[in-house]
Structure formats: structure tokens, C-alpha cells
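Here is a short note for your first look at this model. Please keep the structure open while you read.

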Amino acid sequence: MTTRTGPLQGMRVIELAHIMAGPVCGLMLADMGADVIKVEKPSGDDSRRFVPPDINGEAAAYMMMNRNKRGIALNLKDADAVDVLRKLLSEADVVIENYRTGTMERLGLGYDDLVKINPRLIYCEISGFGRTGPYADRGGFDLIAQGMAGLMSITGEGPGRPPVKVAAPISDINSGILAAMGISAAYANMLRTGQGQKVDTSLFEAAIVQTYWQSAIAFATGEKPEPLGSAHPLNAPYQAFQTQDGWINVGAANQSNWLRFLEVIGAPELNDDPKFASNEARKRNLPELVEILNGFLRKDTSEVWLARMEKAKLPAGPINDILQMHDDPQTRAREMVLTLDHPRAGKVDTIGHPVKFSRTPASITRAAPILGQHSREILREIGLDEARIAALINAQAVIAA
């Protein structure tokens, strides 16, 4: 067993989650030192079948979301497998589940059942809309959450265009991060009081909290914000601009950066124009301003402009594609791309942990498990002898690699 390091070392987590939101939560905790045991159905997490792409037959999507975890596969239609899971949960600090409402209760593994045998348990539920309210029984997907939370009404090139979702599954990823935050807070409370609790979050809420700026505008004005392309709802200029050979982002939002920007492009006279002299005026006249600024920036290449802006300490940057981001020296310096050894896929790259700790660094040391890779190991840890383990495997209550 690989020794775990990190601020959550000693925490044991049972992950009863699939696809993305729950697995994101599990990988965040695992990176920070928790021993995360992923429990899969006999056919495996559905993301094992998200192919192509694959690496030597292993789904790239599954490997990304499940690194740093150990894996056991249980057939929860079998009473013996449910007993195994109950034993795991009786000794765990945390359980993460993203089943439909009522599934765990039907197995006799709901919070009210488990708290009787493990009062310290932190029971984290990630669902489409939360476990309360009129939508509690609905299933949830990132696309649906983005639409209902208003994100698709503010994403895109401008009013009157078709709705656009954020390309990354932002509500899935963010709900996993919020769940990990909630678990960490509940764990700190449990260590102080000895009492566990429920932690309940959802894709819907994870999408809603991405609307802080736009909601502030709507609360203040009573008007719905519209999509702005790459522009900012409160500051200008703060967006992508066209150069001679492509596009760059420039963050010249506050007045000092605005004046610095004008010096870099050789147009200080623009600040004398009352249409552009203040942030409020620039926002009001943004289309005209963008056309003027693009005219200046199209005179030279992105590389030249970015060098000049860096020299002037003006916030600016390239618009990288994903491969360029992977190869960016800052990405590499911050260890945001790492390579792991997978038992079937061989060398696989993964995204690093985004939080750095000075005393208890996160660690990513284990590739995603093949189906049932650690089943025997985990059963031994909960006290089962070799004969009982063999019987469970032979009966297909437990799947072992």
C-alpha cells in the first residue's frame, strides 16, 4: 500500500460515486492525503466506457478522475456485498455518494442507518439539485444545471445568439470541489466534537455560485445580464483583442492599467476622449472602444505585444489551447502536469493538485485502479480471512482483478 502524505493523512473515505462530480471530490481528498476507496459496480464506473480516447484500452476520462484511489468492485444486489460495504462504512470517516435520492436508504445504508453504527461518519451527498426542495428527486447533469442556473444566458458572443454552455463541465467539477471543502470543514468539526454530520451540495448550487458578479448586477438593477463574449460585466477594457496574427487577453480594467495600456499601444490621447476617460464611460461605449483598440493591436503580432505589455507590467496573456497550456513553463513549474505508472496503460499524464501546502504537501502517487484492483487488499483490512474472501469472489459478490 502506498503511504499517503498531505493534510488529510489518516482520513478514510468510501467513494460511492461515478462519472465526475463525486469522483472529483474523491480525488481532491485523495491528493490531500486521504485513503480513498472507490466502490464500483461489477461493470465499473460508467466513465470506464467513455472511449475514445483510451490508452492501451483504458479510458482516459476514467484515469483522469480516479487517480490516487484504491478500488473495490461490489455487486450490491448481493446481500453479502452490502454487508461488506456496511463494514467499510462502519470504519470510515467519510462516505461520498451521488446516487438518486433514496438509493442508499433502500440498501439500509442511509445516514440514519449508518449514524447508529458510526456516529463520527461524515455523509456527503452530491446530487443534481440537493436533497431538499421541489427538485430533490430529479436527476442532474452538468448541461441541465448550467442552463437552470443562468450560466448559459451569460455565456456566448452576445445577445440574440444561440445559448452556449461553458465547455468544461463546470458544475460537475465545482460541485466536487465544494463537497471536498464541506467535508474538510465537517472533518475538522468531527475531530473537535466527535460528531459527524451530513454534507449536501449539488450541481445546481455549484453552477449558481459561478454567477456572483452577474447576480450582483441583477440584484442591484433588476435587469438580466447578457452575454458579453470575453468582456467583463463590470470593467473595461478586460477581454480578448485581435492582433496581427491572432488574439491576446488584456486586463486593463482599472485606471492605472488603462493608462499603461494606452502608453504601450501609443494612444495616450484616447484618455482625453470623455467616452473613454472613466471605467463607466468605457463600459457604456465598449463596442466603439474595442474596434479602436483592435485597430492599434492589429499592427503587430501577439508575441510583440505581449513582450511590450510584460515589460510595462500590464496584465496580459496568450490564449492557449489545451496542449499549449500543458506545455506552459508555469504549468510545469507548479506541477500541474504529472506522469503516473498505470498497470495496463503504462505512462499516463494527469493534472496536478491545485493547492500547495508548505508543511503537508499534496501527493499524487497512484494511477487510477483497474476494476477490482484492490478488492482482496481491502477485504483483508476489514478482517476477512482468505477463505471468506475467496467465497465472496467465487459468488461474484465481489469482483477482484
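1. Start with a helix pair. Helix α11 passes helix α13 in a left-handed crossing (left-handed: the near helix is turned anticlockwise from the far one by less than a right angle; right-handed: clockwise). The contact (heavy atoms within 4.5 Å) is made by W258, F261 and I265 of α11 and by L289, L293, F296 and L297 of α13. By class, that contact of α11 with α13 has seven nonpolar, no polar and no charged residues. Ala, Val, Leu, Ile, Met, Phe, Trp, Tyr, Cys and Pro count as nonpolar; Asp, Glu, Lys and Arg count as charged; the others, Gly among them, are polar.

2. A word on the source. This is a predicted model: local features need pLDDT of at least 70, side-chain atom pairs count only at pLDDT 80 or more, and totals for chains, interfaces and linings use all residues. Residues are numbered from 1 along each chain as its sequence is written, and side-chain values use heavy atoms, with hydrogens and water left out.

3. Now the geometry. The axes of α11 (residues 255-265) and α13 (residues 286-297) come within 10 Å and cross at roughly 40°. That makes α11 oblique to α13 (under 35 degrees is roughly parallel, over 145 roughly antiparallel, 65 to 115 roughly perpendicular, the rest oblique).

4. Next, a hairpin. β12 and β13 form it, with three residues between them. Strand β12 (residues 337-342) and strand β13 (residues 346-351) pair in the antiparallel sense over six bridges. Pairing takes at least two DSSP bridges. L340 has V348 of β13 as its bridge partner.

5. Is helix α1 buried or exposed? In α1 (residues 21-31), 11 of the 11 residues are buried, so the helix is largely enclosed by the rest of the structure. Buried means under 20% relative accessible area, exposed over 50%, partly exposed in between (1.4 Å probe, protein chains only). Just after α1, G33 takes a positive phi of about 110°.

Technical notes. Axes fitted to C-alpha atoms, helices over the stretch in contact; angles between N-to-C directions. Helix = DSSP H or I, 4+ residues; strand = E, 2+ residues; numbered from the N terminus.
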